[in-house]
Amino acid sequence: MDAHQARLLLVDDEVAHLKTLERLFLKEGYQVATATGGQQALDLLREQRFELVLTDLMMPDIDGMDLLKLVQALQPQAEVILMTAFGTVERAVQGMKEGAYDFVPKPIKRATILKAVRQALERQALVEENRELKARLADLEEERSVVGQAALMREAVDRVRQVAPSDATVLITGESGTGKELFARMIGRLSQRADKPFVAINCAALPESILESELFGYEKGAFTGATQRKIGRFEAADGGTLFLDEIGELSPQVQVKLLRVLQEGAFERLGSNTPTRVDVRVVAATHKDLEAELREGTFREDLYYRLNVIDIKIPPLRHRIEDVPLLSEHFLRRYNEKNRRQIAGFTAEALQAMEAYHWPGNVRELENVVERAVVLDRDEKIDVDDLPTQLVERQAESRHITIPLGTSLEEIEKRVLHETLKMTQGDKKLAAKLLGIATRTIYRKL
């Protein structure tokens, strides 16, 4: 790591020795903060980020071993080097077993301490590079998870790419199982905050009392069982992106606090009257019709307009049936690998059944169906026998109609049109795609 970018925290209760170390590392180009004891170091660790902590082992208030544990809790990315006198070498060795990078004996030699710090920072850089590489690989996998060539899907993806670089609040709407969180993560990944935290919380999964403390945190003693301060999701996401899934489930009380954060960038932890300021980009999602919630008075109008600066609508799977084969192949590859199978693909009959189904559970349901088929399949391809009963029954119902001989062409056309609309639950765009005609033709014939 570049010395000009590395920030060191030097901790020693011997002030003269501390000053000597400070001059040495400043001369070498490092950014330096100093503390004359463990408590002062702890305060600095809560306020600033450090790449390395160089601490004396024996100190009167918080010794080096305890400070090591505190660094691991507060800033786990930071390396720790212990400085030890002759009689405490055994404790320093124990410190290395517990996570310290190295120890250096006193009196400190200039070459020894500089080498130890440089090597610790080089190791940290390698660990960070490895972490970023894994994150990029995960991002690539996530990028591939947003699969689809349907026009509605391309429109949604294009919208994400357009709005992601801004700091505007985004509201993602769509039925359950359509992949709203995937789109939220894509926004975070393509934003200017990509190297900052992406924190997600499902507002429907937690009771109101717990949700409020999860979002905003609490102080020690705020309620029974609050034995220490807890950092909420807003603070955890400071500088990055916070994804609020199922935002329509928020209680009125939490809606008020959320509105204040969006307006002022500040909130109070439970049990505190002191505002905590954060810089967070909010991406929210819901399967509910929030405009209907406004009319019913269950969702605040001012909060809705704060959230809905940019809206992105994720189409249900039944509106992009042409993506079913693509998604199916995508999930087949995933679960082939996961289950160590080598299934080659789907039979034409299986794909027909899957394309005829209306997918009330959307992409999540399709993924479950493919995973089930991969586990149960006995040959090289997934056939209708490997699919759930409801898909096969739906195909039988939706793919066949009986028309007596002698029926006029006009009546046949009418029957086919009405049965197709019944199969698509009235979706004229989807019916037109299945029939191979323009949507306006359906309107005209109706």
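**Exercise 1.** In this predicted model, does L434 count as buried, partly exposed or exposed, and why?

*Solution.* Start with the value: the relative accessibility of L434 is 35%. Next, recall the cut-offs: buried means under 20%, and exposed means over 50%. L434 therefore counts as partly exposed. Now place the residue: L434 belongs to helix α18, which covers residues 428-435.

**Exercise 2.** What span should helix α10 have, and what is the distance between its end C-alpha atoms?

*Solution.* Begin by counting: α10 runs over residues 252-264, which is 13 residues. The expected span is 1.5 Å times one less than the number of residues, so α10 should span 18 Å. Then compare: the end C-alpha atoms of α10 are 18 Å apart, which agrees.

**Exercise 3.** Which residues of α10 are buried, and what do they pack against?

*Solution.* First list them: V254, Q255, L258, L259, V261 and L262. They lie on the same side of α10, because they cover an arc of only 160 degrees around the axis. Their packing partners include α8 (208-216), β8 (241-245) and α12 (301-307).

**Exercise 4.** Which residues of helix α3 (residues 64-74) are buried?

*Solution.* Here the buried residues are G64, M65, L67, L68 and V71. Seen down the axis of α3, they fall within an arc of 160 degrees, so they line one face of the helix. Among the elements that cover them are β1 (7-11), α2 (38-47) and α4 (89-97).

Technical notes: Residues are numbered from 1 along each chain as its sequence is written. This is a predicted model: local features need pLDDT of at least 70, side-chain atom pairs count only at pLDDT 80 or more; totals for chains, interfaces and linings use all residues. Side-chain values use heavy atoms; hydrogens and water are left out. Helices (H or I, at least four residues) and strands (E, at least two) are DSSP runs, numbered from the N terminus. Buried means under 20% relative accessible area, exposed over 50%, partly exposed in between (1.4 Å probe, protein chains only). The arc is that of the directions from the helix axis to the C-beta atoms. Contact means heavy atoms within 4.5 Å.
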